[in-house]
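Please work through each task before reading its solution.

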Amino acid sequence: MTMMKFLIVFVVLIAFASHLCEGFDLERKDFESEKSLMQLYKRWSSHHRISRNAHEMHKRFKIFQDNAKRVFKVNHMGKSLKLRLNQFADLSDDEFSMMYGSNITHYNNLHAKAGGRVGGFMYERAMNIPFSIDWREKGAVNAIKNQGLCGN
């Protein structure tokens, strides 16, 4: 479950940082009927230039529907984080992970249970840590780029 949360946050960060979130604001009226959701799906498909045959479209629409509902729910939780439908909106979490995931184990190592890896986290007893750090301001990170299916 923790890995899934990390993956969702990772996807959102990639989308925001690389301007992939050129998407749609969702409104309550988009969820009034199956027809209104299908109209949203067709607008989304057209905007992202995604074409599907009838069978694939039916399958993808179900996934899109679930993702759109999740985005709408998160956006109405009163938090500062706002999600939008990007070009990945009709992919399941597993499909996205298989296509764009990586074999990097750093996250798992940092969050492993005691005894789950050799040695401990070198900063586990650090004190006076700021609540947040914007590494962009410190020049420590580059802009995120969509590398597509790099490495597959």
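A residue counts as buried under 20% relative accessible area, as exposed over 50%, and as partly exposed in between, with a 1.4 Å probe and protein chains only. The model is predicted: local features need pLDDT of at least 70, side-chain atom pairs count only at pLDDT 80 or more, and totals for chains, interfaces and linings use all residues. Residues are numbered from 1 along each chain as its sequence is written, and side-chain values use heavy atoms, with hydrogens and water left out.

**Exercise 1. State the secondary-structure content of the chain and the share of its residues that is buried.**

Step 1. Helices (H or I, at least four residues) and strands (E, at least two) are taken as DSSP runs, numbered from the N terminus. The chain has 5 helices and 0 strands, in the order α-α-α-α-α along the sequence.

Step 2. Of the 152 residues, 28% count as buried.

Step 3. Contact means heavy atoms within 4.5 Å. Among contacts with a separation of 6 or more, 65% come from residues 24 or more positions apart.

**Exercise 2. Describe helix H2, its span and its buried residues.**

Step 1. The expected span of a helix is 1.5 Å times one less than its number of residues. H2 covers residues 34–47, 14 residues in total, and its first and last C-alpha atoms are 20 Å apart, close to the expected 20 Å.

Step 2. The buried residues of H2 are Ser-36, Leu-37, Leu-40, Tyr-41, Trp-44 and Ser-45, and they pack against H3.

**Exercise 3. Determine how H2 and H3 are oriented to each other and which residues form their contact.**

Step 1. Axes are lines fitted to C-alpha atoms, for helices over the stretch in contact, and angles run from 0 to 180 degrees between N-to-C directions. The angle between H2 and H3 is about 100 degrees, and their axes lie 10 Å apart.

Step 2. Angles under 35 degrees count as roughly parallel, over 145 as roughly antiparallel, 65 to 115 as roughly perpendicular and the rest as oblique. H2 and H3 are therefore roughly perpendicular.

Step 3. H2 contributes Glu-34, Leu-37, Met-38, Leu-40, Tyr-41, Lys-42 and Trp-44 to the contact, and H3 contributes Met-57, Arg-60, Phe-61, Lys-62, Phe-64, Gln-65 and Lys-69.

**Exercise 4. Locate Tyr-41 and list its contacts beyond four places in sequence.**

Step 1. Tyr-41 lies in H2 and is buried because its relative accessibility is 0%.

Step 2. Tyr-41 and Phe-64 are 23 residues apart in sequence, with their C-alpha atoms 7.2 Å apart in space.

**Exercise 5. Characterise Asn-67 by its place, burial and contacts.**

Step 1. Asn-67 belongs to helix H3, residues 54–75. Asn-67 is buried because its relative accessible area is 12%.

Step 2. Beyond four places in sequence, Asn-67 is in contact with Phe-88, Ala-89, Asp-90 and Leu-91.

**Exercise 6. Examine the backbone phi of Arg-49 and Asn-128.**

Step 1. Most residues other than glycine have a negative phi.

Step 2. Arg-49, in the loop between H2 and H3, has a positive phi near 55 degrees. With 79% relative accessibility, Arg-49 is exposed.

Step 3. Asn-128, in the segment after helix H5 (106–110), has a positive phi of about 55 degrees although it is not a glycine. Asn-128 is exposed, at 79% relative accessibility.
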